[in-house]
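The following note sets out a few points for colleagues who are examining this entry. It begins with an annotated position and then turns to the ligand and to the fold as a whole.

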Amino acid sequence: MGSCLSVEEDEHSQSRKKLSSNRTDTPRDSTHGKEGSVNSNTVVIIPKNVKDLRKGPGNGDLDIFTYEEMKLATKHFRPDQVLGEGGFGIVYKGVLDDNMRPGYKTTQVAIKELDPEGLQGDREWLAEVNYLGQLRHPNLVKLIGYCCEGDHRLLVYEYMASGSLEKHLFLRVRAALTWQKRLTIALDAAKGLAFLHGVEKPIIYRDFKTSNILLDVDFNAKLSDFGLARVGPTGDQTHVSTRVMGTYGYAAPEYVMTGHLTARSDVYGFGVVLLEMLIGRRAMDKSRPSREHNLVEWARPLLNHSKKLVRILDPRIEGQYSGRILMKVANLAYQCLSQNPKGRPVMSQVIEILEPLVAQETDREDLVPQNGGGSVTLYEVRKTPKEQSPLKSESEREAQGPAKNGRSKSEPPKECDRYDQSPDDLLLERSTSDGH
Ligand SMILES: Nc1ncnc2c1ncn2[C@@H]1O[C@H](COP(=O)(O)OP(=O)(O)OP(=O)(O)O)[C@@H](O)[C@H]1O
Ligand SMILES: [Mg+2]
(Lines give C-alpha, C1' and ligand atoms only; values in the text may rest on other atoms or scores of the structure.)
(Ligands and ions follow the chains in the order given, each with its own letter.)
Protein backbone atom coordinates (compact mmCIF):
# COMPACT_ATOMS: atom_id res chain seq x y z
CA MET A 1 0.00 0.00 0.00
CA GLY A 2 1.28 3.47 -0.69
CA SER A 3 0.15 6.90 0.30
CA CYS A 4 -2.15 8.33 -2.29
CA LEU A 5 -2.29 11.81 -3.61
CA SER A 6 -5.22 13.76 -4.85
CA VAL A 7 -4.79 17.30 -5.99
CA GLU A 8 -7.82 19.29 -6.96
CA GLU A 9 -6.95 21.94 -9.53
CA ASP A 10 -9.46 24.67 -10.29
CA GLU A 11 -8.17 25.35 -13.77
CA HIS A 12 -8.94 21.78 -14.71
CA SER A 13 -12.46 21.70 -13.38
CA GLN A 14 -13.97 22.51 -16.76
CA SER A 15 -12.11 19.76 -18.51
CA ARG A 16 -12.91 17.49 -15.64
CA LYS A 17 -16.61 17.99 -16.27
CA LYS A 18 -15.99 17.08 -19.87
CA LEU A 19 -14.06 14.03 -18.79
CA SER A 20 -16.76 12.73 -16.51
CA SER A 21 -19.33 13.04 -19.28
CA ASN A 22 -16.87 11.18 -21.51
CA ARG A 23 -17.08 8.31 -19.11
CA THR A 24 -20.32 7.28 -20.77
CA ASP A 25 -18.17 6.49 -23.79
CA THR A 26 -16.90 3.09 -22.91
CA PRO A 27 -14.66 1.36 -25.38
CA ARG A 28 -16.41 -1.10 -27.53
CA ASP A 29 -14.91 -4.26 -28.82
CA SER A 30 -12.34 -3.57 -31.47
CA THR A 31 -9.04 -4.87 -32.71
CA HIS A 32 -7.43 -4.70 -29.34
CA GLY A 33 -5.51 -7.89 -29.12
CA LYS A 34 -6.05 -11.58 -29.29
CA GLU A 35 -6.36 -12.18 -25.62
CA GLY A 36 -8.62 -9.44 -24.35
CA SER A 37 -12.11 -8.31 -25.01
CA VAL A 38 -14.83 -6.07 -23.80
CA ASN A 39 -18.00 -7.91 -23.04
CA SER A 40 -20.28 -6.41 -25.61
CA ASN A 41 -20.13 -5.47 -29.24
CA THR A 42 -22.36 -2.52 -28.62
CA VAL A 43 -21.55 0.73 -26.83
CA VAL A 44 -22.29 0.19 -23.19
CA ILE A 45 -23.77 3.15 -21.39
CA ILE A 46 -21.93 3.62 -18.15
CA PRO A 47 -24.23 4.67 -15.33
CA LYS A 48 -23.13 8.04 -13.96
CA ASN A 49 -24.23 7.24 -10.46
CA VAL A 50 -25.46 4.43 -8.32
CA LYS A 51 -29.11 5.37 -8.96
CA ASP A 52 -28.59 4.82 -12.70
CA LEU A 53 -26.75 1.58 -12.03
CA ARG A 54 -29.69 0.31 -10.03
CA LYS A 55 -32.12 1.27 -12.81
CA GLY A 56 -30.17 -0.60 -15.46
CA PRO A 57 -27.87 -3.08 -13.79
CA GLY A 58 -27.08 -5.00 -16.99
CA ASN A 59 -23.34 -4.36 -16.72
CA GLY A 60 -21.66 -7.04 -18.78
CA ASP A 61 -21.94 -10.44 -17.20
CA LEU A 62 -21.54 -9.29 -13.62
CA ASP A 63 -23.43 -11.03 -10.86
CA ILE A 64 -25.37 -8.83 -8.49
CA PHE A 65 -25.30 -10.01 -4.89
CA THR A 66 -27.38 -9.14 -1.86
CA TYR A 67 -25.67 -8.04 1.33
CA GLU A 68 -26.95 -11.22 3.00
CA GLU A 69 -25.15 -13.27 0.33
CA MET A 70 -21.97 -11.31 0.99
CA LYS A 71 -22.28 -12.10 4.69
CA LEU A 72 -22.68 -15.80 3.93
CA ALA A 73 -19.70 -15.74 1.57
CA THR A 74 -17.37 -14.15 4.15
CA LYS A 75 -18.63 -15.99 7.26
CA HIS A 76 -20.17 -12.71 8.43
CA PHE A 77 -17.04 -10.73 7.59
CA ARG A 78 -15.07 -12.72 10.11
CA PRO A 79 -11.73 -11.07 10.98
CA ASP A 80 -9.81 -14.22 10.10
CA GLN A 81 -11.12 -13.87 6.54
CA VAL A 82 -9.39 -10.50 6.06
CA LEU A 83 -6.88 -10.50 3.18
CA GLY A 84 -5.81 -6.89 3.48
CA GLU A 85 -6.94 -3.31 3.65
CA GLY A 86 -6.45 -0.38 1.32
CA GLY A 87 -7.82 3.10 0.75
CA PHE A 88 -11.12 1.61 -0.40
CA GLY A 89 -11.74 -0.54 2.64
CA ILE A 90 -11.20 -4.07 3.90
CA VAL A 91 -10.73 -7.02 1.55
CA TYR A 92 -12.07 -10.40 2.73
CA LYS A 93 -11.57 -13.88 1.43
CA GLY A 94 -14.88 -15.50 0.55
CA VAL A 95 -16.55 -18.47 -1.07
CA LEU A 96 -19.55 -18.26 -3.36
CA ASP A 97 -21.39 -21.56 -3.35
CA ASP A 98 -24.67 -23.38 -3.24
CA ASN A 99 -25.04 -22.41 0.40
CA MET A 100 -24.85 -18.71 -0.49
CA ARG A 101 -27.16 -19.00 -3.51
CA PRO A 102 -28.74 -22.28 -4.58
CA GLY A 103 -27.06 -23.64 -7.67
CA TYR A 104 -24.06 -21.29 -7.52
CA LYS A 105 -20.85 -23.00 -8.56
CA THR A 106 -18.31 -23.01 -5.75
CA THR A 107 -15.89 -20.16 -6.41
CA GLN A 108 -13.19 -18.66 -4.21
CA VAL A 109 -13.33 -14.89 -4.25
CA ALA A 110 -11.97 -11.72 -2.70
CA ILE A 111 -14.64 -9.33 -1.47
CA LYS A 112 -13.83 -5.65 -1.04
CA GLU A 113 -16.18 -3.63 1.11
CA LEU A 114 -16.20 0.13 0.62
CA ASP A 115 -15.54 1.88 3.88
CA PRO A 116 -18.04 4.76 4.02
CA GLU A 117 -15.51 6.71 6.11
CA GLY A 118 -12.63 5.81 3.78
CA LEU A 119 -10.68 7.68 1.14
CA GLN A 120 -12.76 6.51 -1.81
CA GLY A 121 -16.42 6.79 -2.54
CA ASP A 122 -19.18 5.93 -4.98
CA ARG A 123 -17.28 7.48 -7.87
CA GLU A 124 -14.32 5.12 -7.50
CA TRP A 125 -16.61 2.19 -6.75
CA LEU A 126 -18.56 2.84 -9.95
CA ALA A 127 -15.38 3.27 -11.97
CA GLU A 128 -14.31 -0.18 -10.86
CA VAL A 129 -17.69 -1.74 -11.75
CA ASN A 130 -17.70 0.00 -15.11
CA TYR A 131 -14.18 -0.68 -16.25
CA LEU A 132 -13.51 -4.10 -14.80
CA GLY A 133 -17.07 -5.16 -15.48
CA GLN A 134 -16.64 -4.66 -19.19
CA LEU A 135 -13.03 -5.46 -19.86
CA ARG A 136 -11.75 -8.99 -19.88
CA HIS A 137 -8.10 -9.88 -20.24
CA PRO A 138 -5.88 -12.60 -18.73
CA ASN A 139 -3.82 -9.87 -17.07
CA LEU A 140 -6.71 -7.98 -15.47
CA VAL A 141 -8.26 -9.30 -12.28
CA LYS A 142 -11.74 -10.57 -13.08
CA LEU A 143 -14.60 -8.76 -11.42
CA ILE A 144 -17.25 -11.39 -10.75
CA GLY A 145 -19.93 -9.10 -9.42
CA TYR A 146 -20.95 -6.50 -6.91
CA CYS A 147 -23.38 -5.68 -4.13
CA CYS A 148 -25.05 -2.27 -4.05
CA GLU A 149 -27.73 -2.61 -1.42
CA GLY A 150 -28.67 0.43 0.68
CA ASP A 151 -25.40 2.07 1.66
CA HIS A 152 -23.41 -1.10 1.16
CA ARG A 153 -20.92 -1.12 -1.72
CA LEU A 154 -18.97 -4.31 -2.30
CA LEU A 155 -16.93 -5.71 -5.15
CA VAL A 156 -16.42 -9.42 -5.74
CA TYR A 157 -13.23 -10.43 -7.55
CA GLU A 158 -11.59 -13.65 -8.59
CA TYR A 159 -9.34 -14.80 -5.74
CA MET A 160 -5.67 -14.21 -6.36
CA ALA A 161 -4.13 -16.90 -4.21
CA SER A 162 -0.56 -15.57 -4.11
CA GLY A 163 -1.49 -12.04 -3.03
CA SER A 164 0.13 -8.85 -4.20
CA LEU A 165 3.51 -8.19 -5.77
CA GLU A 166 4.06 -5.75 -2.89
CA LYS A 167 3.83 -8.62 -0.42
CA HIS A 168 6.38 -10.73 -2.27
CA LEU A 169 8.77 -7.91 -2.94
CA PHE A 170 8.70 -6.04 0.35
CA LEU A 171 6.82 -7.83 3.07
CA ARG A 172 8.03 -11.41 2.87
CA VAL A 173 11.34 -12.31 4.34
CA ARG A 174 11.68 -15.82 2.97
CA ALA A 175 11.09 -17.25 -0.51
CA ALA A 176 12.03 -14.11 -2.39
CA LEU A 177 10.82 -13.72 -5.94
CA THR A 178 13.37 -15.05 -8.37
CA TRP A 179 14.70 -12.91 -11.20
CA GLN A 180 12.84 -15.05 -13.70
CA LYS A 181 9.53 -14.60 -11.85
CA ARG A 182 10.10 -10.85 -11.63
CA LEU A 183 10.58 -10.66 -15.39
CA THR A 184 7.46 -12.73 -16.07
CA ILE A 185 5.42 -10.57 -13.69
CA ALA A 186 6.71 -7.43 -15.42
CA LEU A 187 5.69 -8.86 -18.78
CA ASP A 188 2.23 -9.88 -17.54
CA ALA A 189 1.62 -6.45 -16.03
CA ALA A 190 2.85 -4.79 -19.24
CA LYS A 191 0.33 -6.86 -21.21
CA GLY A 192 -2.46 -5.71 -18.90
CA LEU A 193 -1.51 -2.05 -19.39
CA ALA A 194 -0.99 -2.47 -23.15
CA PHE A 195 -4.47 -3.94 -23.43
CA LEU A 196 -6.00 -0.97 -21.61
CA HIS A 197 -4.07 1.49 -23.78
CA GLY A 198 -4.97 -0.40 -26.94
CA VAL A 199 -8.77 -0.35 -26.75
CA GLU A 200 -10.65 1.95 -29.08
CA LYS A 201 -10.94 4.64 -26.43
CA PRO A 202 -7.75 4.07 -24.48
CA ILE A 203 -8.03 3.66 -20.76
CA ILE A 204 -5.40 5.11 -18.49
CA TYR A 205 -4.98 3.09 -15.35
CA ARG A 206 -3.36 5.81 -13.20
CA ASP A 207 -2.58 3.63 -10.19
CA PHE A 208 0.13 1.26 -11.33
CA LYS A 209 2.01 0.06 -8.24
CA THR A 210 3.10 -3.17 -6.58
CA SER A 211 0.03 -3.48 -4.31
CA ASN A 212 -2.25 -3.34 -7.35
CA ILE A 213 -0.47 -6.16 -9.17
CA LEU A 214 -1.95 -9.39 -7.87
CA LEU A 215 -0.63 -12.91 -8.40
CA ASP A 216 -2.66 -16.07 -8.89
CA VAL A 217 -1.69 -19.51 -7.69
CA ASP A 218 0.71 -19.93 -10.66
CA PHE A 219 2.14 -16.43 -10.18
CA ASN A 220 0.40 -15.03 -13.24
CA ALA A 221 0.15 -11.28 -12.64
CA LYS A 222 -3.05 -9.29 -13.07
CA LEU A 223 -3.92 -5.65 -12.51
CA SER A 224 -6.55 -4.82 -9.93
CA ASP A 225 -8.10 -1.56 -8.68
CA PHE A 226 -9.67 0.48 -11.41
CA GLY A 227 -11.01 3.19 -9.12
CA LEU A 228 -8.72 5.80 -10.67
CA ALA A 229 -8.93 4.59 -14.29
CA ARG A 230 -10.05 7.17 -16.84
CA VAL A 231 -10.74 7.25 -20.54
CA GLY A 232 -7.63 8.74 -22.13
CA PRO A 233 -7.19 11.12 -25.06
CA THR A 234 -8.83 10.16 -28.34
CA GLY A 235 -8.78 11.58 -31.87
CA ASP A 236 -6.88 14.86 -32.00
CA GLN A 237 -6.56 15.17 -28.25
CA THR A 238 -3.03 14.97 -26.92
CA HIS A 239 -4.09 14.51 -23.32
CA VAL A 240 -7.02 14.71 -20.94
CA SER A 241 -6.93 17.17 -18.07
CA THR A 242 -7.87 15.77 -14.75
CA ARG A 243 -7.36 15.94 -11.05
CA VAL A 244 -3.91 14.79 -10.12
CA MET A 245 -4.43 11.42 -8.49
CA GLY A 246 -2.27 8.43 -7.88
CA THR A 247 0.34 7.33 -5.40
CA TYR A 248 3.49 9.06 -4.16
CA GLY A 249 6.56 7.90 -6.00
CA TYR A 250 4.63 6.42 -8.94
CA ALA A 251 2.93 9.39 -10.61
CA ALA A 252 4.64 10.80 -13.71
CA PRO A 253 6.27 14.20 -13.12
CA GLU A 254 4.54 15.99 -16.03
CA TYR A 255 1.15 14.72 -14.87
CA VAL A 256 1.78 15.98 -11.35
CA MET A 257 2.89 19.36 -12.73
CA THR A 258 0.14 19.92 -15.26
CA GLY A 259 -2.72 17.49 -14.61
CA HIS A 260 -2.33 16.42 -18.26
CA LEU A 261 -2.92 12.71 -18.41
CA THR A 262 -1.71 10.44 -21.23
CA ALA A 263 -0.99 6.75 -21.55
CA ARG A 264 2.67 7.64 -21.01
CA SER A 265 1.87 8.47 -17.39
CA ASP A 266 1.15 4.75 -16.91
CA VAL A 267 4.43 3.92 -18.67
CA TYR A 268 6.25 5.97 -16.03
CA GLY A 269 4.45 4.02 -13.28
CA PHE A 270 5.49 0.81 -15.02
CA GLY A 271 9.09 2.04 -14.98
CA VAL A 272 8.87 2.67 -11.23
CA VAL A 273 7.63 -0.88 -10.57
CA LEU A 274 10.32 -2.34 -12.84
CA LEU A 275 12.90 -0.37 -10.88
CA GLU A 276 11.46 -1.60 -7.58
CA MET A 277 11.79 -5.17 -8.85
CA LEU A 278 15.39 -4.59 -9.91
CA ILE A 279 16.55 -2.85 -6.76
CA GLY A 280 14.22 -4.51 -4.24
CA ARG A 281 13.33 -1.17 -2.67
CA ARG A 282 10.11 0.79 -2.45
CA ALA A 283 9.48 3.80 -4.68
CA MET A 284 9.42 5.98 -1.57
CA ASP A 285 11.34 4.94 1.50
CA LYS A 286 11.81 7.54 4.21
CA SER A 287 13.81 5.13 6.35
CA ARG A 288 16.74 5.43 3.93
CA PRO A 289 19.30 8.26 3.89
CA SER A 290 17.61 11.36 2.47
CA ARG A 291 19.23 11.18 -0.98
CA GLU A 292 17.81 7.66 -1.34
CA HIS A 293 14.22 8.50 -0.27
CA ASN A 294 12.98 8.71 -3.82
CA LEU A 295 14.04 5.54 -5.62
CA VAL A 296 13.78 6.99 -9.12
CA GLU A 297 15.91 10.04 -8.32
CA TRP A 298 18.54 7.94 -6.63
CA ALA A 299 18.69 4.84 -8.82
CA ARG A 300 17.74 5.95 -12.33
CA PRO A 301 21.06 7.65 -13.08
CA LEU A 302 22.82 4.38 -12.24
CA LEU A 303 20.73 2.17 -14.50
CA ASN A 304 22.94 2.41 -17.55
CA HIS A 305 26.17 1.77 -15.66
CA SER A 306 26.56 -1.94 -15.12
CA LYS A 307 29.10 -1.75 -12.30
CA LYS A 308 27.15 0.84 -10.37
CA LEU A 309 23.91 -1.00 -11.02
CA VAL A 310 25.06 -4.35 -9.64
CA ARG A 311 26.10 -2.58 -6.45
CA ILE A 312 22.53 -1.43 -5.79
CA LEU A 313 20.71 -4.42 -7.27
CA ASP A 314 18.40 -6.47 -5.03
CA PRO A 315 20.83 -8.93 -3.39
CA ARG A 316 18.08 -11.57 -3.45
CA ILE A 317 18.47 -11.95 -7.23
CA GLU A 318 22.23 -12.07 -7.18
CA GLY A 319 23.64 -14.70 -9.47
CA GLN A 320 20.31 -15.47 -11.12
CA TYR A 321 20.46 -13.18 -14.12
CA SER A 322 22.29 -12.94 -17.37
CA GLY A 323 24.24 -9.68 -17.29
CA ARG A 324 23.23 -8.93 -20.86
CA ILE A 325 19.56 -9.35 -20.11
CA LEU A 326 19.84 -7.43 -16.86
CA MET A 327 21.25 -4.43 -18.68
CA LYS A 328 18.48 -4.56 -21.27
CA VAL A 329 15.85 -4.60 -18.55
CA ALA A 330 17.63 -1.80 -16.71
CA ASN A 331 17.74 0.25 -19.90
CA LEU A 332 14.03 -0.34 -20.42
CA ALA A 333 13.32 0.94 -16.90
CA TYR A 334 15.56 3.93 -17.65
CA GLN A 335 13.54 4.79 -20.74
CA CYS A 336 10.16 4.31 -19.06
CA LEU A 337 11.31 6.71 -16.35
CA SER A 338 12.26 9.44 -18.79
CA GLN A 339 11.24 12.88 -17.53
CA ASN A 340 10.04 13.61 -21.02
CA PRO A 341 6.89 11.56 -21.74
CA LYS A 342 7.79 11.30 -25.42
CA GLY A 343 11.11 9.73 -24.45
CA ARG A 344 9.20 6.80 -22.94
CA PRO A 345 8.23 3.78 -25.02
CA VAL A 346 4.57 2.89 -25.44
CA MET A 347 3.42 -0.27 -23.70
CA SER A 348 3.34 -2.35 -26.90
CA GLN A 349 7.04 -1.52 -27.37
CA VAL A 350 7.70 -2.49 -23.76
CA ILE A 351 6.20 -5.90 -24.52
CA GLU A 352 8.30 -6.24 -27.68
CA ILE A 353 11.41 -5.63 -25.61
CA LEU A 354 10.46 -7.76 -22.61
CA GLU A 355 8.97 -10.78 -24.33
CA PRO A 356 12.21 -12.12 -25.88
CA LEU A 357 14.14 -11.35 -22.70
CA VAL A 358 11.71 -13.40 -20.62
CA ALA A 359 11.94 -16.24 -23.17
CA GLN A 360 15.76 -16.14 -23.08
CA GLU A 361 15.89 -16.19 -19.28
CA THR A 362 13.39 -19.06 -19.22
CA ASP A 363 15.51 -21.01 -21.71
CA ARG A 364 18.61 -20.39 -19.63
CA GLU A 365 16.83 -21.60 -16.53
CA ASP A 366 15.69 -24.74 -18.35
CA LEU A 367 19.27 -25.51 -19.39
CA VAL A 368 20.54 -25.67 -15.84
CA PRO A 369 20.33 -29.11 -14.21
CA GLN A 370 17.72 -29.11 -11.47
CA ASN A 371 19.01 -30.41 -8.16
CA GLY A 372 16.25 -31.12 -5.72
CA GLY A 373 13.77 -28.76 -7.29
CA GLY A 374 15.13 -25.65 -5.53
CA SER A 375 15.34 -22.32 -7.27
CA VAL A 376 17.96 -22.20 -9.98
CA THR A 377 20.95 -20.01 -9.37
CA LEU A 378 23.23 -19.19 -12.22
CA TYR A 379 26.62 -17.72 -11.70
CA GLU A 380 27.66 -16.22 -14.97
CA VAL A 381 30.98 -14.91 -13.85
CA ARG A 382 33.22 -15.81 -10.96
CA LYS A 383 33.27 -13.19 -8.26
CA THR A 384 36.81 -12.53 -7.19
CA PRO A 385 37.77 -9.59 -4.97
CA LYS A 386 39.10 -7.82 -8.06
CA GLU A 387 36.09 -8.71 -10.09
CA GLN A 388 33.12 -7.59 -8.00
CA SER A 389 30.73 -7.15 -10.87
CA PRO A 390 29.06 -10.24 -12.37
CA LEU A 391 28.93 -8.26 -15.62
CA LYS A 392 32.62 -8.49 -16.52
CA SER A 393 31.89 -10.40 -19.62
CA GLU A 394 30.68 -10.06 -23.13
CA SER A 395 27.42 -8.94 -21.63
CA GLU A 396 29.01 -5.98 -19.93
CA ARG A 397 30.79 -4.91 -23.08
CA GLU A 398 27.49 -5.04 -24.90
CA ALA A 399 25.80 -3.12 -22.16
CA GLN A 400 28.52 -0.54 -22.10
CA GLY A 401 28.74 -0.34 -25.86
CA PRO A 402 26.24 2.42 -26.40
CA ALA A 403 28.02 4.60 -23.86
CA LYS A 404 31.00 4.73 -26.16
CA ASN A 405 29.03 5.83 -29.15
CA GLY A 406 27.22 8.44 -27.10
CA ARG A 407 23.83 6.75 -27.02
CA SER A 408 23.95 5.41 -23.50
CA LYS A 409 21.47 7.87 -22.09
CA SER A 410 18.71 6.70 -24.41
CA GLU A 411 17.37 10.20 -24.67
CA PRO A 412 18.71 13.65 -25.45
CA PRO A 413 19.80 15.51 -22.32
CA LYS A 414 17.71 18.51 -23.32
CA GLU A 415 14.56 16.47 -22.96
CA CYS A 416 15.63 15.29 -19.53
CA ASP A 417 16.00 18.86 -18.41
CA ARG A 418 12.46 19.84 -19.18
CA TYR A 419 11.20 19.06 -15.72
CA ASP A 420 14.05 19.58 -13.40
CA GLN A 421 12.12 19.66 -10.15
CA SER A 422 11.94 16.43 -8.22
CA PRO A 423 8.63 14.64 -8.78
CA ASP A 424 8.44 14.01 -5.08
CA ASP A 425 8.88 17.69 -4.23
CA LEU A 426 6.08 18.48 -6.58
CA LEU A 427 3.78 15.93 -5.05
CA LEU A 428 4.42 17.26 -1.61
CA GLU A 429 4.00 20.86 -2.68
CA ARG A 430 0.86 20.40 -4.64
CA SER A 431 -0.93 17.80 -2.60
CA THR A 432 -3.82 19.15 -0.62
CA SER A 433 -4.91 15.86 0.83
CA ASP A 434 -3.46 12.48 1.48
CA GLY A 435 -6.42 10.73 -0.02
CA HIS A 436 -7.35 9.40 -3.43
N1 LIG B 1 -8.60 -10.32 -5.79
C2 LIG B 1 -7.82 -10.46 -4.71
N3 LIG B 1 -7.37 -11.67 -4.34
C4 LIG B 1 -6.56 -11.81 -3.26
N5 LIG B 1 -6.17 -10.78 -2.48
C6 LIG B 1 -6.61 -9.56 -2.79
C7 LIG B 1 -7.45 -9.32 -3.91
N8 LIG B 1 -7.71 -7.99 -3.97
C9 LIG B 1 -7.04 -7.43 -2.95
N10 LIG B 1 -6.38 -8.36 -2.23
C11 LIG B 1 -5.56 -8.15 -1.03
O12 LIG B 1 -6.04 -7.06 -0.30
C13 LIG B 1 -5.02 -6.07 -0.14
C14 LIG B 1 -5.65 -4.71 -0.14
O15 LIG B 1 -6.05 -4.38 -1.45
P16 LIG B 1 -6.56 -2.96 -1.87
O17 LIG B 1 -6.57 -2.93 -3.35
O18 LIG B 1 -7.83 -2.66 -1.18
O19 LIG B 1 -5.52 -1.95 -1.26
P20 LIG B 1 -4.04 -1.58 -1.69
O21 LIG B 1 -3.83 -1.90 -3.14
O22 LIG B 1 -3.11 -2.23 -0.74
O23 LIG B 1 -3.99 -0.04 -1.48
P24 LIG B 1 -4.71 1.10 -2.35
O25 LIG B 1 -5.98 1.40 -1.65
O26 LIG B 1 -3.75 2.21 -2.31
O27 LIG B 1 -4.94 0.53 -3.72
C28 LIG B 1 -4.06 -6.34 -1.29
O29 LIG B 1 -2.76 -5.91 -1.03
C30 LIG B 1 -4.12 -7.84 -1.43
O31 LIG B 1 -3.23 -8.44 -0.54
MG1 LIG C 1 -5.10 -1.85 -4.52
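1. UniProt positions are given here in the numbering used for this chain, and such annotations may be inferred rather than shown by experiment. With that understood, the unreviewed UniProt entry places a "binding site" feature at Lys112. The model under discussion is a predicted one.

2. Lys112 lies in strand β6, which covers residues 107–114. A residue counts as buried if 20 or more other C-beta atoms lie within 10 Å of its own. Lys112 has 26 other C-beta atoms within 10 Å and is therefore buried.

3. Leaving aside residues up to four places away in sequence, Lys112 touches Phe88, Gly89 and Val91, and also Leu154 and Leu155.

4. Ligand 1 is surrounded by 24 residues, of which Gly84, Gly86, Gly87, Ala110 and Met160 are the closest. Two elements, β4 (82–85) and β6, each give two or more residues to this shell. The most comes from β4, with 3 residues.

5. What is the make-up by class of the shell around ligand 1? The shell has 11 nonpolar and 9 polar residues, together with 4 charged ones.

6. As regards the overall fold, the protein contains 15 helices and 16 strands. It has 436 residues, and 44% of them count as buried. Of the contacts between residues at least 6 apart in sequence, 71% join residues at least 24 apart.

Definitions and conventions. Residues are numbered from 1 along each chain as its sequence is written. Chains are lettered from A and ligands numbered from 1 in the order in which they are written. This is a predicted model: local features need pLDDT of at least 70, side-chain atom pairs count only at pLDDT 80 or more; totals for chains, interfaces and linings use all residues. Helices (H or I, at least four residues) and strands (E, at least two) are DSSP runs, numbered from the N terminus. A residue is buried if 20 or more other C-beta atoms lie within 10 Å of its own, exposed if 12 or fewer, and partly exposed in between; C-beta atoms are placed from the backbone. Two residues are in contact if their C-beta atoms, placed from the backbone, lie within 7 Å. A residue is near a molecule or strand if its C-beta atom, placed from the backbone, lies within 6 Å of it. Ala, Val, Leu, Ile, Met, Phe, Trp, Tyr, Cys and Pro count as nonpolar, Asp, Glu, Lys and Arg as charged, and the others, Gly among them, as polar.
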